[in-house]
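Colleague: I'm new to this one and would like a slow walk through it. Could you show me the structure before we start?

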Amino acid sequence: MASHIVGYPRMGPKRELKFALESFWDGKTSAEDLQKVAADLRSSIWKQMASVGIKFIPSNTFSYYDHVLDTTAMLGAVPPRYNWTGGEIGFDTYFSMARGNASVPAMEMTKWFDTNYHFIVPELGPDVKFSYASHKAVHEYKEAKALGIDTVPVLVGPVSYLLLSKPAKGVDKSFSLLSLLDKILPIYNEALTELKQAGATWVQLDEPVLVMDLDANALKAFTDAYSKLESTLSGLNVIVETYFADVTPEAFKTLVSLKGVTGFGFDLVRGTKSLDLIKSGFPKGKYLFVGVVDGRNIWANDLAGSLNTLQHLEGVVGKDKLVVSTSCSLLHTAVDLVNETKLDQELKSWFAFAAQKVVEVNALAKALAGQKDEAFFSANAAAQASRKSSPRVTNEAVQKAAAALKGSDHRRATNVSARLDAQQKKLNLPVLPTTTIGSFPQTIELRRVRREYKANKISEDDYVKAIKGEINKVVKLQEELDIDVLVHGEPERNDMVEYFGEQLSGFAFTVNGWVQSYGSRCVKPPIIFGDVSRPKAMTVFWSSMAQSMTSRPMKGMLTGPVTILNWSFVRNDQPRFETCYQIALAIKDEVEDLEKAGINVIQIDEAALREGLPLRKSEQAFYLDWAVHSFRITNVGVKDTTQLMRFHIQIHTHMCYSNFNDIIQSIIDMDADVITIENSRSDEKLLSVFREGVKYGAGIGPGVYDIHSPRIPSTEEIADRINKMLAVLETNILWVNPDCGLKTRKYTEVKPALQNMVAAAKLLRSKLGSA
């Protein structure tokens, strides 16, 4: 019985690639040194999987930024603004597309389906001249082969690539991206032919858009594409992989009928309905890659349950055609549990990171082949039982409080217009008020202070003194820049979700449980293992301290319940909405304590609201109902006269979510006084929602510049962006702010960018005053 891994984490257990990339971008590391770090990391990953016994080991899942950008490079689909003149695409062009440069901005970045991983959105149009411009897939296959390891090269499938793209600037929005299929297939033919010549016998084509609600035209594109690739695929064993949800009956029929394909992969963790389709109509003679080990969470697999599922499927496809697999790439989980020295043994027994999931996959495959490791299965069963019965998981008072929420709507008594009038009288803000989203740069010194405090190397007094000094520096800087509503910069927080999780019950934390978010950006998600409550105030001390340093409004900074949920590894033993309601009650207590402490502006970040939206439309209304309700729970009791409620949300475009009216209505239904929204990388697509007639009466701050890039926008550029907003939004509701927090940037970038932002706001205030 064979075993298969869809993909593997790229950063390594100690984030080797992250630091090599940042050093390279800073000019401290050569391209050769960066490539050596990457090669060493790939080698260790391949050897690890080979040593465990995995048969189908993936290659070309490693990336310097993201795998969709790698596909753009393979196809030579470089936007003209990067002045690429042909040939093999090098680091300069590649990273300019990802991060921008001094002359031009980066390409749009958006979330990979409903994960917290980002990809660079391809910009395509009828005039794009495609060419085979990156041979990365072949190079990595040969690299592994030289180590004696025969891998399965992985490519983003041609139809998914096009449907995840967007029309380039200046191209009509109605342009059919699928019309480019015949132009990109020759490049796929070249890459696949070269892989065959290099000795590859298996390839994997990822077509995750098959789990979306596709129309007949999109499904036909799959049939057409693979028919045209059939002659090239001859001589190769081809896996078409899907993940993140079940496929529709129509998509299943299309998928299993594709020509030239040897096997099909399904996510049976998030796509349980696919199981019925497989049982009733899987084609004879084809391989079934069964994703029973969860690639997106850290819980140990229920080996007995998975084995039972696999044994049932043996009768459908036969032993020789059944392959045990992960549900998706392990990119979305932490790397190795071995690195966690501070988790207690009981908790640790409940978890499995990427390295452990590889072992689980192979253990299941061996059990199916009659070589069951009884000791391994027994230990797993004991851990499953321990988790179900542990008193650490259940808090009866919390469960009762959360259950009681379901009967109430939790809406504020006064409408937003009246609240904004009351708040303006108190805050006395100018037209186009300026603010930032929360965090300021996390310097090396600041990280050192937090690290030493956690390690008990400095006293609490010294820690508070150091953080107070950093807050004072950030406050003074904002006053010098003449920003209207200030933030304290969050120097006490390494990560906004991790910070709150550390102070809530029901959470566990890792030392090295890093997961890639984009490029070199990694996050360390908390683990929600039990019922959630707030033992004590979490931010009141720091917010009050910051407010005492200035006469300007100081925002209290909180992370919202939906974002804490979606950016954590969440318990899988109860519905997600129940956990979210528990978190909402904890945040509600914090909001009320901040108000009592005299904080007049409170920002509740819900950056991940859109991210958690189910991929299938039939499931979205239920999610939005409980997600919006959770947010309203947090602030239902605040006063009209003293509270300006704000939250930050990322709105990302996706090929199947081109109409944002539904999600915008849900955002409005959250009943915040002001919202701030990521906007700059998407060519102001958000504004098109308002052009289409959506009525919005609360304050809004669409981001005026991109903080994910080191590029510093000019005053004129920001003013032009604000003017575009003023064309569709009322002057009295518009705020001016960056796209997101400034944590990942340097002060040498932040200061001039904010200076230009404030100057742009003042310039337009002057023009509006004259008019």
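**The annotated site and its surroundings**

Modeller: In an unreviewed entry, UniProt lists His708 for "active site"; UniProt positions are given in the numbering used here, feature names are shortened, and annotations may be inferred rather than shown by experiment. Please keep in mind that this is a predicted model, in which local features need pLDDT of at least 70, side-chain atom pairs count only at pLDDT 80 or more, and totals for chains, interfaces and linings use all residues. Residues are numbered from 1 along each chain as its sequence is written, and side-chain values use heavy atoms, with hydrogens and water left out.

Colleague: Where is the place of His708?

Modeller: His708 is in the loop between strand E21 (699-702) and helix H26 (715-726); here helices (H or I, at least four residues) and strands (E, at least two) are DSSP runs, numbered from the N terminus.

Colleague: And is His708 buried or exposed?

Modeller: His708 is buried, since its relative accessible area is 9%, where buried means under 20% relative accessible area, exposed over 50% and partly exposed in between (1.4 Å probe, protein chains only).

Colleague: What about E21, which way do its residues point?

Modeller: Gly699 and Gly701 point one way from E21, while Ile700 and Pro702 point the other way, and all are buried. E21 pairs in the parallel sense with strand E20 (residues 674-677) over 4 bridges, two strands being counted as paired if DSSP finds at least two bridges between them. Within that pairing, Gly699 in E21 is the bridge partner of Val674.

Colleague: Changing topic, what does UniProt place at residues 3-316?

Modeller: The UniProt record, an unreviewed entry, gives residues 3-316 the feature "domain: Cobalamin-independent methionine synthase MetE N-terminal". In the model that span is 42% helix and 13% strand, and its end C-alpha atoms lie 18 Å apart.

Colleague: Which strands make up the open sheet, and in what order?

Modeller: The open sheet has 8 strands in the order E1-E12-E11-E10-E9-E8-E6-E2, with parallel pairing. Strand E1 (2-4) and E2 stand at the edges with a single partner strand each, so one side of each is left without a neighbour in the sheet.

Colleague: Why is E6 largely enclosed by the rest of the structure?

Modeller: Strand E6 (residues 152-156) is described as largely enclosed because 5 of its 5 residues are buried. Val152, Val154 and Val156 point one way from E6, and Pro153 and Leu155 point the other way.

Colleague: Now the rings: how many aromatic pairs does a search of the whole structure find?

Modeller: The search finds 30 aromatic pairs, and rings of Phe, Tyr and Trp (its six-membered ring) pair if their centres lie within 6.5 Å, with planes under 30 degrees apart counted as stacked, over 60 as edge-to-face and the rest as tilted. One of them is the edge-to-face pair of Tyr94 and Phe95, with 5.2 Å centre to centre and 80 degrees between the planes. Tyr94 counts as buried at 7% relative accessibility, and Phe95 is buried with a relative accessible area of 6%.

Colleague: Which pair links distant parts of the chain?

Modeller: Tyr463 and Trp542 form an edge-to-face pair, 6.3 Å centre to centre with 85 degrees between the planes. The pair links distant parts of the chain, as Tyr463 is in helix H18 (residues 460-481) and Trp542 is in helix H20 (residues 540-547), 79 residues apart. Both Tyr463 and Trp542 are buried.

Colleague: Last topic, the chain as a whole: how many helices and strands are there?

Modeller: The chain has 27 helices and 21 strands. Its radius of gyration is 26 Å, close to the 28 Å that the globule rule gives for 771 residues, so the chain is as compact as a globular protein of that length; the radius is taken over C-alpha atoms, and the rule is 2.2 Å times the number of residues to the power 0.38. Buried residues make up 63% of the 771 residues.
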